[in-house]
Amino acid sequence: MTDGSPDPLRILLLEDSDLDAELLAAFLDDAGPRYVLDRVMTREAFTAAVVERRHDLILADYVLPTFDGLSALALACAHCPETPFVFVSGTLGEEVAVEALKNGATDYVTKQRLDRLPRVVVRALSEARAHAERRAMEQALRAMNDTLEARVAERTRELFEANAALQAQIAERERVEEALRQAQRLEAVGQLTSGVAHDFNNLLTVIAGNIEFLERAVSDEKSRRRLDTMRGATERGARLTAQLLAFSRRQRLEPVPVQLNRTVASMRDLLQSSIGGAVRIEMTLQPDLWPALVDATQIELIILNLAINARDAMAVGGCLTIETANVRLAAPPARPEEPPPGDYAMVAVSDTGTGIPPEILTRVFEPFFTTKEVGKGSGLGLAQVYGFAKQSGGGIRIDTEVGEGTTVRVYLPRVAAEVPERPARPSEAECPSAHEPGHRPVLLVVDDDGAVREITVTKLTEADYEVREVGSGLAAIHTLEHDPCFDLVIVDFAMPGMNGVDVAAEIGRRWPTIPVMFVTGYADQSALTREGIGEDRIVQKPFLDGELERKAAAILEAGPVAGLRLVSSR
């Protein structure tokens, strides 16, 4: 029976008596909810109905001719345990009722008190709804518990990723700020250095000019020697300002197309003699290397500078690797010394030395900063490399790890022009002989100590020799490359970079007719004699009793055939 309202309750009635069925329907009509009543009378029909599970309430008689109420309750509990089950019977005793409730019945109503039926139905439905809601909540809670760990893990991952992204942003900002501070510091130092070098050059210009004027006016030989000493000091100052200007990127460069492979290959012997036989040199030169627009002389100095630095970083022996490559950069520079985007010919110098600690790496390009002992380095080496690379339009990168070694990469701008052949350098055969009438012997003094060098130059000048001086072995080699017309080279044994034996070995290989003489402050001369150097070629410091002048004169008298031949090449 129904009043036509949507979604009426569906009630399953198990009752074999027509009269009792009508009576129950009457009570439901008078006071119960809107419903649709489905009546069944057999076990088979009841089983089919509960299996379908489409009823909201089950009303069942307890006593049936072939089917008792407890069996019906068991079927209902098996197939639709969530559906309320109410017994309606006229013979249901107290004990039977309790047993029915224990077995899963929701409630019971005697036929003598059918007036209670509507209330029992409403209560049963309410309890069923509450039970269903509670069960749904429990299921939802279980589902939440089941996924809680996954959700916590997911949220943790999201927080970790967000934190990692934030840390990366902070680190990137700190890196950019540090790079900016480094650029500003280098720029400030560069401006200061440039200003000092500019003013110093002005002073040197005044000094050199007045020396030239005095040389024209002075005829006294002793005064002229003094002026020569002053001119030598002026030239040393000019070389120092050139290094400072290289750092500040204001030196005068003459860039031309250069084939770096050719440059590096031609320097192998010079590099080997400069860094010693204990260090192995390997070269990895890229075929079809792009030409670089660079000052040809300066790039040789830069490569040799880096090679000597690499040798100093390797305590005992090691491997020095020089590599060239074509490099195309797209990313903007991360540090001020790095190159901007573009095409570059790259030359890299790698060592297997001690590496550079992070706290020192940030300062390696500062002029006069050095970790070497006093007197072992000026601290201008990498600063000069930095200034040269930046002024050439490229840049520099350093990859290093403490205990593993260091790689310094110099990037030089690519140029499409053809590389011209190198012009021939002066030959020793073109030089005048020391024995020609009227020829004043020309001597080259090589000593890293300026005060000692001044004394040496003064003594030799007073002995009526024309003397030129340089402060390092590297400078001596480059001086001879541009002008090999020297009658004697006098070199200090202990110098940073190329020591005296290194310089002599290179001279013996490339200019075999130029004799070499050593000056040394060591009492033990065994290091020199082991190289096959006789005592006639060694002068002990301090110079006493005219020994320096006598031995120089004897070597010059012996002539070119007395050029130095070392026992071992370092």
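Tutor: Helices (H or I, at least four residues) and strands (E, at least two) are DSSP runs, numbered from the N terminus. This is a predicted model, in which local features need pLDDT of at least 70, side-chain atom pairs count only at pLDDT 80 or more, and totals for chains, interfaces and linings use all residues. Residues are numbered from 1 along each chain as its sequence is written, and side-chain values use heavy atoms, leaving out hydrogens and water.

Student: What makes a set of residues a nonpolar core?

Tutor: Its members are buried Ala, Val, Leu, Ile, Met, Phe, Trp, Tyr and Cys residues joined through side-chain atoms within 4.5 Å. Buried means under 20% relative accessible area, exposed over 50%, and partly exposed in between (1.4 Å probe, protein chains only). The largest such core has 65 residues, of which Leu-260, Leu-271, Leu-320 and Ile-507 touch the most other members. Helix H9 (residues 296-313) gives the largest share, eight residues. Buried residues of H9 include Ile-303, Leu-304 and Ala-307.

Student: Which residues is Leu-271 in contact with, leaving aside neighbours within four places in sequence?

Tutor: With contact meaning heavy atoms within 4.5 Å, they are Ile-281, Met-283, Ile-303, Leu-304, Ala-307 and Ile-322.

Student: What is the mean pLDDT of the protein chain?

Tutor: On this scale of the predictor's confidence in each residue, from 0 to 100, the mean is 77.
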